[in-house]
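Please look through the sequence and the model shown here before reading on.

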Amino acid sequence: MPVVDYERYCEMLDRARSGHFAYPAINVTSLTTANAVLKGLAESESDGIIQVSTGGAAFASGSAIKSMMLGAISIAEHVHRVAARYPINVALHTDHCQADKLKDFVLPLVEETERRRARGLPNLFNSHMFDGSALPLDKNLDVAVSLLERFRRNDLILEIEAGVVGGEEDGVRASGAAKLYTTPADTLEVARRMNAVHGARYLLAATFGNVHGVYKPGHVKLRPSILKDCQDAVVSAFGEAARFYLVFHGGSGSELRDIHEALDYGVVKMNIDTDMQYAFTRAIADHCFKNYDGVLRVDGDIGNKKSYDPRTYLTLAENAMADRVKASVAALRATGTTTARLVGTH
Ligand SMILES: [Zn+2]
């Protein structure tokens with residue numbers, strides 16, 4: 001299916017929330033990792049979200065260029081070209097963008113979408129995250145509201161964050177004193193400000209002890225019941241229409257029990273990066289260790305071209321990551337939930 005349009009994306013999110021399942025939102029940094037996600041989703045018969053971080057996008061543009069904007073466009077254009085060959089729906093999203101990076105990442109990408117729309121072409125991305133979690137909440141929401149107005153005009157969905165996700169992602173580390181648990185009062189303020197932009201759609205990353213990265217058991221104390229408290233507060237203050245569409249950051253390494261509880265409270269998107277990185281690299285390490293004298297030219301020998309051809313180990317990595325995508329889809333109760341076949345003719 002072609003990359004979803006706004007209506008189809010909204011429909012995906014609605015269906016997930018009412019069905020208590022979620023889409024994996026998987027960070028990619030290359031054609032191979034993007035292909036792995038599409039393959040894993042297709043084999044799971046699940047829709048999903050491909051996302052690009054600022055660092056991942058800069059990487060994708062090449063180490064000599066390091067342009068977040070160009071790398072994001074390259075990956076998005078690739079996905080637009082190949083998505084139609086897969087019998088599932090996929091949305092394109094950009095991950096954490098702090099306020100100081102908006103002008104080099106999200107804003108030029110929105111401008112690109114505006115140019116495309118003016119020519120009658122589909123949006124480049126379907127949604128973007130603004131991460132104002134390092135700002136006081138009122139400043140965070142000032143920026144978010146002005147973005148949301150522009151997003152509404154362009155059929156874009158905005159993801160914001162209230163509270164702070166712990167750990168480190170893309171070299172950005174949350175401070176030790178960071179607010180790892182969102183409060184119902186914070187989320188009421190989010191709803192009050194954001195819902196004033198009528199007809200716009202947004203996703204909320206509320207934090208309940210999540211951290212980026214994977215840690216040994218016992219290190220992370222997730223409290224999904226915080227999400228329920230936030231939903232109950234917003235529904236009682238503003239009615240059912242205000243119920244949040246929640247995003248679970250730092251999904252890698254989470255306990256199934258915590259994931260399922262979060263789904264029951266309205267999580268529709270779970271970000272998974274670290275577990276995918278490991279699955280990808282694990283397959284390459286396995287190949288190199290098992291074919292040591294093929295990938296290396298040992299003691300004057302010539303190695304084995306078949307072993308060191310990057311396609312050999314990158315195909316193994318692509319397949320391993322696709323399998324990991326399938327496992328995530330299953331954990332998110334999304335296996336077999338795509339509606340693409342019902343409407344698709346591809
Ligand atoms: Zn995150």
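Asp155 counts as partly exposed because its relative accessibility is 27%, where buried means under 20% relative accessible area, exposed over 50% and partly exposed in between, with a 1.4 Å probe and protein chains only. Asp155 is found in the loop between H6 and strand S5 (157-162), and its phi is near 55 degrees, a positive value in a residue other than glycine. Helices (H or I, at least four residues) and strands (E, at least two) are DSSP runs, numbered from the N terminus. The model is predicted, so that local features need pLDDT of at least 70 and side-chain atom pairs count only at pLDDT 80 or more, while totals for chains, interfaces and linings use all residues. Residues are numbered from 1 along each chain as its sequence is written, and side-chain values use heavy atoms, with hydrogens and water left out.

Glu45 also has a positive phi in a residue other than glycine, near 50 degrees. Glu45 lies in the loop between helix H2 (31-44) and strand S2 (48-52), and with a relative accessible area of 37% Glu45 is partly exposed.

Further residues can be described by their surroundings, where contact means heavy atoms within 4.5 Å. Arg333 is found in the loop between helix H13 (310-331) and helix H14 (340-343), and a relative accessible area of 32% makes Arg333 partly exposed. Apart from neighbours within four places in sequence, Arg333 is in contact with His20, Phe21, His260, Leu263 and Asp264. The C-alpha atoms of Arg333 and Ile259 are separated by 9.9 Å, although the two residues are 74 residues apart along the chain.

Is Arg116 buried or exposed? Arg116 is buried, since its relative accessible area is 12%. Arg116 lies in helix H5 (residues 106-118) and, leaving aside neighbours within four places in sequence, is in contact with Ile73, Glu77, Leu121, Pro122 and Leu124.

Asp293, in helix H11 (residues 292-295), is exposed, with a relative accessible area of 56%. Not counting residues up to four places away in sequence, Asp293 touches Val298, Gly303 and Asn304. The C-alpha atoms of Asp293 and His96, which are 197 residues apart along the chain, are separated by 41 Å.

The table collects the accessibility of these residues.

| Residue | Relative accessible area | Class |
|---|---|---|
| Arg116 | 12% | buried |
| Asp155 | 27% | partly exposed |
| Arg333 | 32% | partly exposed |
| Glu45 | 37% | partly exposed |
| Asp293 | 56% | exposed |

In soluble globular proteins, nonpolar side chains tend to be buried together. Here a nonpolar core is a set of buried Ala, Val, Leu, Ile, Met, Phe, Trp, Tyr and Cys residues joined through side-chain atoms within 4.5 Å. The largest nonpolar core has 97 residues, of which Val79, Val90, Leu158, Val190 and Met194 touch the most other members. Leaving aside neighbours within four places in sequence, Val190 is in contact with Leu137, Leu141, Ile160, Ala162, Asn195, Tyr202, Leu204 and Phe244.

The axes of helix H6 (residues 137-153) and H7 come within 10 Å and cross at roughly 30 degrees. H6 is therefore roughly parallel to H7, given that angles under 35 degrees count as roughly parallel, over 145 as roughly antiparallel, 65 to 115 as roughly perpendicular and the rest as oblique. Leu137, Asp138, Leu141, Asp142, Ala144, Val145 and Leu148 of H6 make the contact with Asp186, Glu189, Val190, Arg193 and Met194 of H7. By class, this contact has 7 nonpolar, no polar and 5 charged residues, where Ala, Val, Leu, Ile, Met, Phe, Trp, Tyr, Cys and Pro count as nonpolar, Asp, Glu, Lys and Arg as charged, and the others, Gly among them, as polar.

Helix H7 (residues 184-194) packs as well against helix H8 (residues 225-238), at an angle of about 45 degrees and with the axes 9 Å apart. That angle makes H7 oblique to H8. In this contact, Pro184, Thr187, Leu188, Ala191 and Arg192 of H7 meet Asp229, Cys230, Ala233, Val234, Ala237 and Phe238 of H8, and the residues divide into 8 nonpolar, 1 polar and 2 charged.

Terms used. Axes are lines fitted to C-alpha atoms, for helices over the stretch in contact, and angles run from 0 to 180 degrees between N-to-C directions.
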